[in-house]
Every structure is written in structure tokens, then in C-alpha cells.
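Subject: Structure for your review

Hello,

Here is the structure we talked about handing over. Please look through it first; the notes on what was found follow below.

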Amino acid sequence: METRNEALFRHELGAHLRRQRHERGERLADTAERAGISPQYLSEIERGLKDPSSEMLSAIADALDTDVGAIAVAVGLRMQAARPVVRLGVVATGPVAAPRRVSPGPRLLALAA
């Protein structure tokens, strides 16, 4: 049995897009207009209620002067730092080492910045 204590990707994605928009000092309507979508739809994405298609995410990324890859890396890093997944019913057969954190490397860190 497995339980997950992590946010869904769409929730983290929406929060990330909202933070980027706020950092730019933009209103929802401004970003939505440049992306070619309604402010209501962008709001639903930011609140994690809608899963945007890759084309829609690309349009939003362009409106925020970034790209889908940078967004995906930033969201992935944020999710990786969140609470770990708890797996029940797994039996260790030997000493259990602490999970190691893998550095994304300089290229990915530059994209996430």
C-alpha cells in the first residue's frame, strides 16, 4: 500500500505561474491577454483546478518571458523538496541508507533561476 503526501503537479505548476506573474507585477488579465486565453482560465490554472495542454502552457510561458522547460524544472525541484512519499508494507532486508539528494547540476540550476 502506498500513500502520497505530495501536491499534484498541476497545483505546484499553478502556484509557480502565479508567483512568476506576481514577480512581474502583472495582473491576471495582462498575462492572460498576451497568452491568448481568458483571465478566468488562467486563474483556474493558477489555482490548480485545470491541467493546461502543452500548447497552452507554452503560450503562458511565452507571456511570462520564459519557456516550458524552465517551468517544468522549477516545479520539479519544488516538488522534489516537498515531503517524501511514504510507502507502507515495504520490508528492508538490510541496513537502510538515508535517501541521497541528487544535485540537478549547474545547467538545471541556471534554468530554475
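In α1, the residues R10, G14, A15, L17, R18 and R21 meet S43, I45 and E46 of α3, where contact means heavy atoms within 4.5 Å. By class, this contact has 3 nonpolar, 2 polar and 4 charged residues (nonpolar: Ala, Val, Leu, Ile, Met, Phe, Trp, Tyr, Cys and Pro; charged: Asp, Glu, Lys and Arg; polar: the others, Gly among them).

This is a predicted model: local features need pLDDT of at least 70, side-chain atom pairs count only at pLDDT 80 or more, and totals for chains, interfaces and linings use all residues. Residues are numbered from 1 along each chain as its sequence is written, and side-chain values use heavy atoms, with hydrogens and water left out.

The axes of α1 and α3 are 7 Å apart, at an angle of about 120 degrees. That makes α1 oblique to α3 (angles under 35 degrees are roughly parallel, over 145 roughly antiparallel, 65 to 115 roughly perpendicular, and the rest oblique).

Helix α1 covers residues 9–23. Its buried residues (under 20% relative accessible area, 1.4 Å probe, protein chains only) are E12, L13, G14, H16, L17, Q20 and R21. They pack against α2 (28–35), α3 (39–46), α4 (54–63) and α5 (68–81). After α1 comes G25, with a positive phi near 70 degrees.

A72 is found in helix α5. The C-alpha atoms of A72 and H16 are separated by 9.7 Å, although the two are 56 residues apart along the chain.

Regards

Note on methods
Helix = DSSP H or I, 4+ residues; strand = E, 2+ residues; numbered from the N terminus. Expected span 1.5 Å × (residues − 1). Buried < 20%, exposed > 50% of the residue type's maximum accessible area, 1.4 Å probe, protein only. Axes fitted to C-alpha atoms, helices over the stretch in contact; angles between N-to-C directions.
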